[in-house]
Amino acid sequence: MRNTLAVRPNREGGFALVELFMGATVLIVGSLALMTLLLTSARVSEDARVRTLARDEAVTVIEDFRNICRNGFAAAVTEYAGREVACQRIAVGKDSAKVQTEIVLDESAVSPPMDLNGDGDTIDNSLTANELAVVCMTARITWQSGKQVERFATIIARADVAGDGDQLPGSAVSEDTPPGITLTSSNVSTDSLTAKLMTAEQLNVAGMTIYSSVPAYVKQIRVNGKDVFKQTTNLPPTGQLIVTSPFTMPPGSQSIDTIAFAGSPSGGKTDVSKATLSIVFLTEGGDRLVVIN
């Protein structure tokens, strides 16, 4: 009889080379994905920071214009109608940033056309600085050799910024806080605003500027049951001039039926429910500000 020796197989062997290779591949791919995510997040954060600086720079330029108007309205308009200055707060390394300002002197250059000199029509296309009753100003900020651009616009009533002796004939000099309009109630959802206002006098509104503490675009405005602004493409972002169809708010209760917001020019989602919103009505008596918390 032949003796045989039974050998028990070793079931406690280590990882095979293929298993090690697959594990290393998964680890490398996961690490690369994490690094990509971190780099993307850093770029997004930096882009948001720079764009916030651009907005701050635009506000500074606009406030500088308002201040120097007290020393000579026409001279200030002439200086800022084509002014270009360096913007040091945005420049990085060899990159340069600049702020360019323009002031509209052609009533047909805005859409829809706007009565800029207060003569009741919108056909004047070569106004002088001293003829303006309303300033429509744009601050355009460019950086990264012009590859990145932010554009901010606002409307300013001459009655609000010009000195007492530098007003148009027949125009009233506004006080620091013009009277006549009060917010009585408001409701802000994720993508729209409704509000009730009380006016002590008739207000003839030529345009509006809407500000928001979160990025959003305006796509519709309804006041007292009527559309005064409705657009589906190239929506003007909040914090910029919105030229509405001129409308009148009689004395008494007013209804802001709908101000609809979107997250992008193409209508992406947004959430303004926790934003601070404000509306500036441009009237013949000056700017009227309504703040909605």
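**Contacts, surface patch and sheet packing**

Apart from neighbours within four places in sequence, Thr-270 contacts Thr-190, Asp-191, Pro-215, Ala-216, Phe-261, Ala-262 and Gly-263. The model is predicted. Thr-270 lies in a loop that joins strand 12 (252-262) to strand 13 (277-283). Its relative accessible area is 17%. Thr-270 therefore counts as buried, because the cut-off for buried is under 20%.

Val-18 has a relative accessibility of 56% and so counts as exposed, since exposed means over 50%. Val-18 belongs to a nonpolar surface patch with Phe-21 and Met-22. Together, the three side chains' residues have about 360 Å² of accessible area.

Strands of a sheet pair through backbone hydrogen bonds, in either a parallel or an antiparallel way. An open sheet is built here from four strands in the order 1-2-3-4, with antiparallel pairing. Strand 1 (83-86) and strand 4 (148-157) are the edges, and each pairs on one side only. On average, neighbouring strands of the sheet are turned by 20° against each other, direction ignored. Strand 3 (residues 134-143) pairs with strand 4 over 10 bridges, in the antiparallel sense. Within strand 4, Ala-153 is the bridge partner of Thr-138.

Two helices pack on this sheet. Helix 1 touches strand 1, strand 2 (98-103), strand 3 and strand 4. The direction of helix 1 makes about 30° with that of strand 4. Helix 2 (residues 73-80) touches strand 1, strand 2 and strand 3. Its direction makes about 125° with that of strand 2.

Methods: Residues are numbered from 1 along each chain as its sequence is written. This is a predicted model: local features need pLDDT of at least 70, side-chain atom pairs count only at pLDDT 80 or more; totals for chains, interfaces and linings use all residues. Side-chain values use heavy atoms; hydrogens and water are left out. Buried means under 20% relative accessible area, exposed over 50%, partly exposed in between (1.4 Å probe, protein chains only). Contact means heavy atoms within 4.5 Å. Patches are made of residues with over 30% relative accessible area and no salt bridge: like charges are joined within 9 Å, nonpolar side chains (Val, Leu, Ile, Met, Phe, Trp, Tyr) within 5 Å. Accessible areas come from the Shrake-Rupley method with a 1.4 Å probe; for residues, only the protein chains shown count as cover. A salt bridge is a side-chain nitrogen of Lys or Arg within 4 Å of a carboxyl oxygen of Asp or Glu. Two strands pair if DSSP finds at least two bridges between them. Axes are lines fitted to C-alpha atoms, for helices over the stretch in contact, and angles run from 0 to 180 degrees between N-to-C directions.
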